[in-house]
Amino acid sequence: MDDLTTCVLTPRVSTEGYDPLGVGVHRASTIVFEDAATYAARGKRGPDGYSYGLYGSPTTRTLEAKLSALEGAARTFLLPSGQAANAVALLAFLTAGDHLLLADTVYPPVRDMALSDLLRMGVAVEFFDPVSLEDLESKMTPQTRVVWVESPGSTTMEVMDLPRAAAIAHAGGALLGVDNTWATPLNLKPIALGADIVTEGLTKYVSGHSDVLMGSLSLRDTGAAEAVRALMGRMGIGVSSDDAALVLRGSETLGVRLRHSGRVALEFARRLQGRPQLARVLHPALEEDPGHALFSRDFLGTSGVFSVVFQPDVAARLPAALDALELFAIGASWGGTRSLVAPMPVSDYRSATVWREAEPVLRLSVGLEAEDELWADVERFLAALENATRREAAR
Ligand SMILES: *Cc1c(COP(=O)(O)O)cnc(C)c1O
């Protein structure tokens, strides 16, 4: 064989006896077929078959299988981000003339997508108060096709009664979709509580190291799976095996990371309660939280993300005080090893409810640093906040 040809062909070596614990990173756009007839019939290989790189590799299927097992789902699809999973979930199930009901506390990009793209495509979009299922029930119409929620709500952490929301949605012929990014499939099982669609921002806890973007869309049953898969194919959406391998590696330590961050975050939330600069600590695992009863009933554990609301005169001093932090980094996203804080606007993203408390609300994500050093950082921040408030008062 000419060297030029040898350079191009991949020699086949034996994989016999090679049995690693992890899955291989299978990189491919092209998949080759043994003959023309097999190629012609590639569309009939079914959801588990391989036909083209975009539609899955052994690496991505492995992550999908792990997520389906954790979610109790019939089928899971991987997407390039958590928000892509939310967007595809809505696009796949809605059409012109349909009515979409969104919890007022959904992830802001979901709200934006509904109000720009879905509205433009002829979907009617309405919001409801996530803590008043009477509000949800009263807004259901014969055209309502999807009820989309997040529990606890983004930033403000309201817990929803998911089994009741599912019953209301199903009674009206609609599907219930749940963005489960905060809890992860370890701490909440939306499908067991009645959800039809579950999305996860794998970018956060499941991957766990702030170095990859990915999302998942899981379905209660296989009925709609082919439609979702076909839509993703038409839109050209898939993920790389390299990225899936990173998420698979991160997922192996999800349990211990989440348990640690959850415990430390709850401890910090308890210590922050009653600090004079704070109006409220928003964390559903606190006994005093309005969502605590539902949280205890439905959740299997807590995550390391919670928020604090400041006294109105204190909130304005927040930016300067944040600069005093040495370990907590300032940044979007969360769920990695590094602790993060992010000042969040709220009232701009509410339409069925009114946010009357101070803004910005500070969201904290507790990572894996030494607990006492992290708490010292919180104290440093609170002292800087106190000094800034005092300086302002002395003027
Ligand atoms: C971050 C987040 C997402 C999106 O995840 P990306 O992978 O960053 O797109 C979706 N839902 C919630 C609740 C989130 O916090």
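By class, the ligand's shell holds 3 nonpolar residues, 7 polar ones and 3 charged ones (Ala, Val, Leu, Ile, Met, Phe, Trp, Tyr, Cys and Pro count as nonpolar, Asp, Glu, Lys and Arg as charged, and the others, Gly among them, as polar). Keep in mind that this is a predicted model: local features need pLDDT of at least 70, side-chain atom pairs count only at pLDDT 80 or more, and totals for chains, interfaces and linings use all residues. Numbering runs from 1 along each chain as its sequence is written, and side-chain values use heavy atoms, with hydrogens and water left out.

Of the 13 residues around the ligand, the nearest are Gly82, Gln83, Asp179, Thr203 and Lys204 (near means a heavy atom within 4 Å). Helix H4, residues 82-93, gives the most to this shell, with 3 residues (helices are DSSP runs of H or I, at least four residues, numbered from the N terminus).

Here are some polar contacts, meaning pairs of N or O atoms within 3.5 Å:

| Residue | Protein atom | Ligand atom | Distance |
|---|---|---|---|
| Gly82 | backbone N or O | oxygen | 2.7 Å |
| Thr181 | side-chain N or O | nitrogen | 3.4 Å |
| Lys204 | side-chain N or O | oxygen | 2.6 Å |

On its own, the ligand has 380 Å² of accessible area, and the protein covers 91% of that (Shrake-Rupley method, 1.4 Å probe).

Now for leucine 9. Leu9 sits in the loop between helix H1 (3-8) and helix H2 (36-40). Leu9 is partly exposed, with a relative accessible area of 46% (partly exposed lies between buried, under 20%, and exposed, over 50%).

Terms used:
Polar contact = N/O pair within 3.5 Å; in protein donor to acceptor, adjacent residues only side chain to side chain. Helix = DSSP H or I, 4+ residues; strand = E, 2+ residues; numbered from the N terminus. Buried < 20%, exposed > 50% of the residue type's maximum accessible area, 1.4 Å probe, protein only.
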